[in-house]
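Have the sequence and the 3D view open as you read.

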Amino acid sequence: MRKALYISTILLILSCENETTEIQYYPSTPDFSTERAVLFGLDTTDLNFRQITNKVASYYGKWEYLTIEFNDGRIKKRITPFVYDGGLIKYRNVLPITSDSILKEKGFPISELKQILKKHYLNKDENFRYAQSPNKALVEVTIDTSKTGKELEKVLVNLTRVFDEIKEEVNDSIELKVFFDYFRQIPPPPMPKMESKNE
């Protein structure tokens, strides 16, 4: 009896360790509506990045919106991503990242994300290559179209961790606005062949 009680106590402790203790929202909690959000878990999907991006886009113009959900340790994170809908967004306000790179200036390795993300958010219109203001700062995730939800999750875990560190350091109300885009990866169509005057 005593042994069974001991084992059940250990199992209870282990199961509690796996439970989430907090939910974080991006951009922020006040913007999140439980009535309108459709949760989409990255842990369980078979969709690739292109399909996930298209799924996000399919909710545009509807009453509901898609919210990406994933676990970061004991924290459940929920991101409401955007896709480009034809509106004008200045390139300087966008910080494009891939799985291993930051596509700004001549490019940086993803290991420098904290430094570059901080520069992007706190630029205050000083450097013309970075965001005009924290309110206009956007992060564009553009990973390979065939990457899985699990691989997208790794990128988002890294991004949100770095962003949270910066937000805590600067003690400001900056918001993480994330765009998904795969069109950057599609090569432009070839130039039409010019007909020779001799033909």
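## Fold, core and a helix pair

The protein chain folds into four helices and nine strands. Bear in mind that this is a predicted model. Following the sequence, the elements come in the order α-β-β-α-β-β-β-β-β-α-β-α-β. Of the 199 residues in the chain, 37% count as buried. Among contacts with a separation of 6 or more, 69% join residues 24 or more positions apart.

Let's look inside next. The largest nonpolar core has 38 residues, and those with the most contacts inside it are I68, L117, V141, L152, L156, L159 and F180. At least two core residues come from each of α2, β3, β5, α3, β8, α4 and β9. Helix α4 gives the largest share, eight residues. As for L156, its partners beyond four places away in sequence are L42, I68, F70, I79, V141 and F180.

Now for the pairing of α3 with α4. Their axes come within 10 Å and cross at roughly 55°. Because angles from 35 to 65 degrees fall between roughly parallel and roughly perpendicular, α3 is oblique to α4. The crossing is right-handed. These are the residues that make the contact:

| Helix | Residue range | Residues in the contact |
|---|---|---|
| α3 | residues 113-121 | L113, K114, L117, K118 and Y121 |
| α4 | residues 149-170 | N158, L159, V162, F163, E165, I166, E169 and V170 |

By type, the residues of this contact divide into eight nonpolar, one polar and four charged. Two of the contact residues, L117 and L159, are also listed among those with the most contacts inside the core.

Notes. Residues numbered from 1 in each chain as written. Predicted model: local features only at pLDDT ≥ 70, side-chain atom pairs only at ≥ 80, totals over all residues. Heavy atoms only, no water. Axes fitted to C-alpha atoms, helices over the stretch in contact; angles between N-to-C directions. Parallel < 35°, antiparallel > 145°, perpendicular 65-115°, else oblique. Left-handed = near helix turned anticlockwise from the far one by under 90°. Contact = heavy atoms within 4.5 Å. Nonpolar A, V, L, I, M, F, W, Y, C, P; charged D, E, K, R; others polar. Core = buried A, V, L, I, M, F, W, Y, C linked by side-chain atoms within 4.5 Å. Buried < 20%, exposed > 50% of the residue type's maximum accessible area, 1.4 Å probe, protein only.
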